[in-house]
Amino acid sequence: MMRPIPEQERAAAIAAGVAPENVGLAILQFVRAYGVDTVFGIPGTHNLEFYRHFSRLGIRAVTSRHEQGAGYAADGWSQRTRLPGVVITTSGPGLLNALSAAGTAYCESRPMLILAPGVARGAEFADIGALHETKDQLAAAGAIVEWARRAQTAQEAVDAVHDAFRLFRTGRPRPVYLEVPLDLLESAADVDPGALVPQPLPAPQRADESSVAAAARVLTAAKRPAILAGGGAIAGRDALRDLAERLGAPVVTSLNGKGVLPESHPLALGSELRLESAREVLNNSDALLVVGSKIGESELWGGQVAPQGEVIRVDILASQRNKNLAATQALIGDSAAVLPQLVEAVGAGSDSHDTEGPALEAVRETMRAEAASFAPLESRVATRIASVLPTNTIVAGDSSQITYYGMTSSVRSEEPGSFLYMAAYATLGYGLPAAIGAKIASPERPVVGVIGDGALMFSVQEFQTAVEQNLDITIVCVDNGGYGEIQQNEADRGIEPIGVVLSQPNWPQLVEAFGGTGFAVRHADELETLVEQALAHPGVTLVHVPLALFA
């Protein structure tokens with residue numbers, strides 16, 4: 001049975017230096033046992049019985065300056081560690097502030113666990129003016145995440161954590177929300193210690209063997225096989241490379257799959273679904289293997305993937321079989337298991353394919369020219385920035401023109417999780433906190449955010465988080481004077497610029513006010529030198545790049 005811990009008993013325990021054995025501890029013990037050692041969020045009146053146990057459990061607390069930033073930082077951390085990002089908010093506004101980050105994780109299929117307190121059991125919908133009172137925060141979260149639960153017992157809370165990690169391992173990874181009533185959070189936890197030990201998670205799901213054999217026959221018989229790899233291919237990336245090499249199949253990725261095949265590989269055509277020249281490779285194939293991608297319209301930019309030959313889709317969910325492109329064959333299972341099955345079934349591969357190195361290099365040249373034609377100015381600046389980044393740099397972007405017109409094409413990623421972006425949800429304010437999370441997860445790697453001025457203002461307060469965490473990160477702020485994309489949209493509709501040409505802070509002085517170091521590009525020929533200086537300078541640095549200098 002659970003009992004509330006009387007205030008006198010709680011105070012006595014604290015005075016004695018003993019943390020109460022409450023439900024907050026039980027939940028975090030379980031989270032920690034699954035390997036998570038960093039939690040993002042903001043302490044609040046109602047969630048302190050989570051925060052009480054951080055030091056005891058060896059959990060690093062990263063306090064953002066806004067819960068949205070906590071969620072985006074958790075996402076960046078998750079992409080580097082391949083563990084779910086964990087976010088703790090307080091009730092009401094704290095949770096609601098984090099839901100845009102939850103929406104990002106849902107749309108981009110990334111694992112996230114959000115923990116928040118809720119009103120005490122029996123006080124639901126009381127409408128009495130309680131602190132942080134919200135009509136129905138569980139329903140609000142449930143409308144955004146994969147599932148939302150309100151625990152009624154300690155065991156339910158612990159079970160929910162395990163179910164979350166099971167989903168992250170065996171299903172399409174998406175955010176989940178666990179709400180813990182205030183009285184339960186502070187109650188003694190009657191949970192068997194054995195229940196706090198992670199349960200074995202199922203092995204990656206294999207596909208039907210006969211279906212694998214049939215797919216392998218199609219792929220080996222093809223003269224022009226090709227592969228489209230999304231974020232769902234990351235777990236099977238080693239086998240993907242092996243399979244591509246055996247088939248001689250060029251690989252195009254989505255932006256979530258960027259780096260799943262190193263982009264220096266002879267068969268890699270990058271994350272360029274927006275380009276007609278990349279889609280032509282896929283559409284001219286006589287066998288297209290699609291791995292873990294919904295082929296979202298947000299990346300096609302009005303184009304279409306419609307290959308001439310058969311379409312074989314590998315996905316964890318049967319519901320994805322015909323999503324945006326009907327499959328002639330479907331291999332339902334985890335890419336971590338299915339791709340090795342395909343490698344085995346394909347064997348040594350085939351010599352009948354038509355793809356050759358020189359032909360693909362010609363495709364790359366066409367792609368580079370096409371990418372530059374979308375936005376020549378942003379493309380030139382992005383290429384110059386990318387040229388001085390170390391090869392192992394983790395790059396964070398935002399829904400900024402410099403990112404989607406420039407950096408996605410200019411940056412070559414050699415592994416997944418090294419280009420942090422959200423192509424479908426396309427939120428502003430993502431890049432800086434995502435860079436923070438990535439640097440915490442990978443302190444040995446250089447981390448650079450290349451972000452537009454409009455997007456950076458959405459999360460500028462997170463500079464203080466980065467300084468407080470003693471991080472070495474560089475932000476390159478490419479300033480086009482406001483919301484350049486929307487200004488163009490207005491012009492296309494014959495609308496005079498309204499609300500899109502924005503005043504700017506003194507960016508170098510702004511970052512210095514947070515405790516960082518600012519660099520100002522005043523002449524176009526200074527760009528590379530100042531980016532290199534910022535990278536070499538310890539701590540948080542910002543390079544302000546007025547785009548007009550390069551026109």
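Start by colouring the protein chain by pLDDT (the predictor's confidence in each residue, from 0 to 100): the average is 93, and 95% of the residues score at least 70. This is a predicted model, in which local features need pLDDT of at least 70 and side-chain atom pairs count only at pLDDT 80 or more, while totals for chains, interfaces and linings use all residues. Residues are numbered from 1 along each chain as its sequence is written, and side-chain values use heavy atoms, with hydrogens and water left out.

Next, select residues 1-7, where pLDDT stays under 50 and the model has 20 contacts (heavy atoms within 4.5 Å) beyond four places in sequence. Then try residues 9-19: pLDDT is again under 50, with 11 contacts beyond four places in sequence. Where pLDDT is low, the predicted coordinates should not be read in detail.

Now go to lysine 258, in the loop between strand E8 (251-253) and helix H12 (276-283); helices (H or I, at least four residues) and strands (E, at least two) are DSSP runs, numbered from the N terminus. Is lysine 258 buried or exposed? Lysine 258 is buried, with a relative accessible area of 3%; buried means under 20%, exposed over 50%, and partly exposed in between (1.4 Å probe, protein chains only).

Show the lysine 258 side chain along with glutamate 263 and serine 271. Its contacts beyond four places in sequence include Thr408, Glu415 and Phe419.

Cysteine 107 is partly exposed at 22% relative accessible area, whereas cysteine 477 is buried at 0%. The structure holds 0 disulfides (pairs of cysteine sulfur atoms within 2.5 Å).
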